Amino acid sequence: MKLLEYQAKEVLASLGIPIPPGVVARTPEEASAAFETLGPVAVKAQVPVGGRGKAGGIKLARSAAEARAAAEQIIGMDIKGFRVPLVYCEALLDIKQEIYLGFTVDRDARANVLIFSAMGGMDIEQLAEESPQALARLYPNPWRGPLDFELTQLVYDTGLGEHARPLAALMKKLYRAIPEYDALTAEINPLVVTHAGEVVAGDAKLEIDDNAAWRHKDLERKYGAVIEGDPYEIEAKKRGLTYVSLDGDVGIVGNGAGLCMSTLDLVRRAGGRPANFCDIGGGAKAEVVENALAVILMNPKVKGVLINVFGGITRGDEVAKGIVTARDNLKMRLPLVVRLSGTRMEEGRAILLQNGIEPGVSAWEAAQKIVELSSPLVGRSGPQGRGGAA
Amino acid sequence: MSILLDASTRVIVQGITGREGSFHAEQMQALGTQLVGGVSPGKGGTKHVGVPVFNTVADAVEATGATASGIFVPAPFAADAIMEAAAAGITLIVCITEGIPIQDMIRVKDFLRGYPAARLIGANCPGLITPGQAKIGIIPQRISSPGHVGMVSRSGTLTYEVGSALTAAGMGQSTIVGIGGDPVLGMSFSDVVELFEKDPETTHLVLIGEIGGSDEERAAELLSRGSRLKTVAFISGRTAPEGKRMGHAGAIISGNRGTAKSKEEAFRKAGVAVAETTDDIVGLLT
């Protein structure tokens with residue numbers, strides 16, 4: 001789960017990290033009121049993705065009217081697929097210097113890494129590419145965390161020695177997001193040094209490991225409902241499915257992440273555009289297939305569905321029966337192509353054929369078939385053909 | 001021959017009395033795996049699927065001389081189970097459990113540095129099988145047959161599919177290793193490839209990767225330094241969008257890192273054939 005900025009800042013504040021005064025506003029009136037208490041503010045869109053500024057999701061307001069107008073524009077905006085549910089109005093900082101500070105998982109090292117740089121405010125990936133020498137790294141021991149002297153060394157190495165004490169102390173506090181919240185990323189960029197010499201979190205990113213959600217039910221309760229994500233992904237989550245929305249029109253169901261991803265690749269290769277990724281797991285039980293189809297059919301863009309299942313321990317004939325039942329229960333009329341492989345696949349294919357479902361022998365054939373069936377008959381790529389079915 | 005596991009390996013199952021543990025312990029026995037015991041705290045002294053159950057891994061190792069373990073315990077307890085196995089002297093630890101918190105695995109990886117003889121496969125993996133001899137994990141026996149193709153993969157069902165195709169084409173396998181779909185894993189592609197290089201019975205190699213991380217790139221780099229194996233690589237997730245986890249916790253493109261394109265290019269540069277689809281693998285291998 002990626003927390004919104006104001007949520008991440010609440011967590012940071014609970015760890016003892018200074019944050020600027022700020023107020024959440026759900027309406028333009030609340031943004032205007034925020035100006036009255038805070039003075040000049042940055043009105044910031046709250047979405048769990050980067051690049052808000054470039055998308056027009058951050059505006060400075062020097063009057064109550066400007067704050068109201070900014071909130072009016074930003075709330076409800078779509079930023080990279082996320083509708084902005086609310087804005088965070090935050091007092092402006094008297095910036096002397098901007099620093100980068102972040103913990104993240106270094107997959108290659110199979111470890112957490114602390115990245116620190118005197119050049120803050122930039123995108124870290126861009127910084128890593130353009131001036132790798134400006135980044136200092138520390139791999140803290142995962143059992144005891146970073147030690148004071150390690151952090152002090154890092155601060156001096158980065159040329160920020162004059163702020164050694166507050167910075168090292170702040171890093172130690174930020175590290176606590178890892179053991180206490182299962183943070184995969186805990187980033188403050190920029191970390192602002194003010195002219196008064198204070199160190200304050202200008203922005204905050206916090207991603208909590210979904211695998212550890214059971215340890216942090218409080219966070220999910222407090223923050224989970226605010227993030228307005230994709231409606232199909234939310235419905236799929238309720239039904240216990242592994243589902244990712246994509247922007248095409250061919251629904252995809254597969255069992256196993258790798259098999260499902262390779263099915264998307266094949267549909268794309270055949271000239272189609274997948275509407276989703278949906279992994280129903282190893283067993284491919286009938287009710288899971290039905291749940292998957294139900295979510296996929298919610299999407300009005302979907303013009304056909306491809307199911308690709310390998311029957312390992314589950315037999316192909318059982319999978320086929322489950323698919324037929326699911327289709328009938330849902331009264332599904334869209335084209336459906338099913339590709340079964342593995343145990344008892346011939347029996348499974350026979351059952352599909354008897355029930356009017358197109359069985360694909362190879363995954364590639366099946367992908368071509370569904371792309372053909374879900375395209376309009378005339379003018380496959382032409383504008384007039386696209387209209388009817390949707 | 002084979003790598004890591006053969007008919008003489010003495011194996012235990014941690015979590016043997018659970019539903020998954022029971023079922024797969026029996027499947028392992030059916031293939032001929034030397035299952036010598038199981039672990040289930042509180043059930044020591046009983047028998048399950050015909051083998052003695054112990055309270056701890058140390059007890060099981062002392063009584064049975066086991067050197068390998070398959071872990072089927074639930075995610076909240078799995079990290080501890082891995083460390084318990086290593087501390088008890090198990091040298092091949094195969095963790096099937098899905099959903100272990102990443103921070104738990106980071107601590108496990110650090111802990112395992114103190115046990116250099118212990119090899120961890122997984123977690124979130126289907127395990128490994130040496131066809132006709134033994135398996136630890138959940139790979140269906142039917143997809144495999146004894147032979148000379150080594151297989152290593154991050155994906156479960158995709159491995160089964162390719163294994164079935166190889167088997168149908170008469171190309172048996174020496175050992176099939178599923179290294180798992182998590183971002184912080186035990187053995188990497190490179191670790192497994194090194195073992196296949198040293199196994200005289202393995203002449204061919206199929207490597208099935210996916211988006212996320214750069215373990216494939218590192219394996220390509222290893223193969224580029226000289227390999228006696230005829231290798232085909234396949235990468236899934238060419239069309240996956242940036243920033244989305246595609247089913248596996250580790251299958252995510254971050255910025256411009258971890259793309260299928262980067263992995264495919266690394267293999268091509270290393271002189272390794274890259275299959276466009278899984279259907280092409282058999283043809284490229286012959």
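The C-alpha centres of domain 1 and domain 2 of chain B are separated by 26 Å. The model is a predicted one, in which local features require pLDDT of at least 70 and side-chain atom pairs count only at pLDDT 80 or more, while totals for chains, interfaces and linings use all residues. Residues are numbered from 1 along each chain as its sequence is written, and chains are lettered from A and ligands numbered from 1 in the order in which they are written.

Domain 1 of chain B spans 10–122 and domain 2 spans 140–285, with bounds from an automatic or database domain assignment. Between them, 9 residues of domain 1 of chain B contact 10 residues of domain 2 of chain B (C-beta atoms, placed from the backbone, within 7 Å). On the domain 1 side, the elements giving two or more residues are α4 (102–112) and β7 (119–122) of chain B; helices (H or I, at least four residues) and strands (E, at least two) are DSSP runs numbered from the N terminus. This side comprises 6 nonpolar, 1 polar and 2 charged residues (nonpolar: Ala, Val, Leu, Ile, Met, Phe, Trp, Tyr, Cys and Pro; charged: Asp, Glu, Lys and Arg; polar: the others, Gly among them).

B:P140 is located in the loop between β9 (134–137) and β10 (146–153) of chain B. B:P140 is buried, since 22 other C-beta atoms lie within 10 Å (buried: 20 or more such atoms, placed from the backbone; exposed: 12 or fewer; partly exposed: in between). The C-alpha atoms of B:P140 and B:I129 are 8.8 Å apart, with the two residues 11 apart in sequence.

How values were computed: Contact = placed C-beta atoms within 7 Å.
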